[in-house]
Amino acid sequence: ELLLRQVEEAQIIHLNFESFEHISLRTAESLYSFIKQQIRTDKPYYFLLDEIQEVIHWEKVVNSFLVDFKADVYLTGSNSHLLSSELATYLAGRYVEIPIYTLSFAEYLQFQHYYFPDKIQEPRVAFESYLSFGGFPVIHTANYSAESAYKVVFDIYSSVLLRDTIQRYKIRDVELLERVVKYAFDNIGNTFSGKNVADYFKSQQRKIDVNTVYNYLYALEGAFILFRTPRYDVKGKEILKTQEKFYVSDLSLLYAVMGYRNRMISGLLENVVFLELKRRGYQVFVGKLDDKEIDFIAEKQGEKIYVQVAYKLESEATVKREFASLLAVKDQYPKYVVTMDAFWKESVEGIKHVHIADFLLMDGFF
């Protein structure tokens with residue numbers, strides 16, 4: 001893009017700090033010295049710095065780039081806690097953060113049209129394949145079998161677990177960490193606390209401290225393996241500090257570690273909807289209203305939507321249960337029940353019932 005804009009190559013400095021080639025630049029002082037030597041004109045320069053968290057005190061040196069040079073700086077990092085450290089105060093108010101997720105359903109369809117133009121499927125049919133394979137771009141560039149795709153994803157998972165979790169957080173009991181991962185994966189869509197996890201391990205004759213559980217979950221969030229979703233009390237208008245939900249950053253990670261879990265279909269669908277809301281910039285909560293639960297309350301720029309997710313509305317009891325939570329909310333914000341049903345009433349008292357494939361492809365929810 002920069003070259004197309006007639007920027008000279010000498011003005012573009014690209015460094016990947018995971019490469020052994022740049023291992024000598026992994027301190028603030030050595031990186032600053034190297035960059036300073038590259039700047040030979042008064043033209044603007046563009047620094048593209050991949051995996052910046054590998055550089056010790058990276059915030060200090062990046063701040064110096066902004067102060068000392070005419071520079072446009074782009075950073076990538078594979079850790080969600082990258083900008084939460086005390087050092088990040090150096091950059092406060094001076095950066096734009098762009099979260100990157102795996103492919104959305106709409107992007108998955110674009111990949112299908114590009115790589116497999118002879119196998120175009122109707123969106124609701126294509127969604128079942130998306131649900132089975134997840135959204136890692138690499139597995140949608142070739143005709144992988146499910147087994148091969150999960151093997152590719154497992155290799156990604158293993159490297160992330162080692163590099164961004166075990167090494168970064170100096171975790172010694174790897175086997176216990178993997179058990180916590182499997183517990184979280186097995187409870188996608190269920191609320192639980194660190195105490196629930198510790199009690200479960202205790203029942204399995206395996207002792208683990210509650211603080212250790214929370215430290216492991218924190219590390220897994222940092223590595224973008226899990227997303228934590230707090231609960232919100234609709235009536236009290238406050239965030240609750242217990243019984244959160246965790247969702248996986250891509251369903252294929254769950255399949256690669258645990259195998260495909262059809263019995264978890266409702267939780268899997270919740271996970272897909274959660275990621276879509278995050279991609280669209282919403283702050284997402286699990287809702288509590290008296291004794292009822294609302295799967296998602298999503299807020300953005302003062303607007304709000306409510307979403308209930310279910311596999312199928314196969315009985316009147318299911319219909320009543322899924323719509324009851326939303327009917328109890330008396331504001332005028334949009335409300336959706338999202339399922340995989342082929343046929344249904346379009347709405348109930350203003351609450352829209354939408355097939356999940358259609359929901360994921362909607363331009364907007366208002």
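Modeller: A residue counts as buried under 20% relative accessible area, exposed over 50%, and partly exposed in between (1.4 Å probe, protein chains only). The model here is predicted, so local features need pLDDT of at least 70 and side-chain atom pairs 80 or more, while totals for chains, interfaces and linings use all residues. Residues are numbered from 1 along each chain as its sequence is written, and side-chain values use heavy atoms, without hydrogens and water.

Biologist: Thanks! Which residues of helix H3 are called buried?

Modeller: In H3 (residues 105-115), they are Phe105, Tyr108, Leu109 and Gln112. Helices are DSSP runs of H or I with at least four residues, strands runs of E with at least two, both numbered from the N terminus.

Biologist: Why do you say that these buried residues line one face of H3?

Modeller: Seen down the axis of H3, they fall within an arc of 100 degrees, so they share one face. The arc is taken from the directions from the helix axis to the C-beta atoms.

Biologist: What does the face turned away from that buried side carry?

Modeller: There you find Gln110 and Tyr114, both exposed.

Biologist: And what covers the buried residues of H3?

Modeller: The cover includes helix H4 (123-133) and helix H12 (356-360), judged by contact, meaning heavy atoms within 4.5 Å.

Biologist: How many helices and strands does the chain have?

Modeller: There are 12 helices and 12 strands, and 45% of the 366 residues count as buried.
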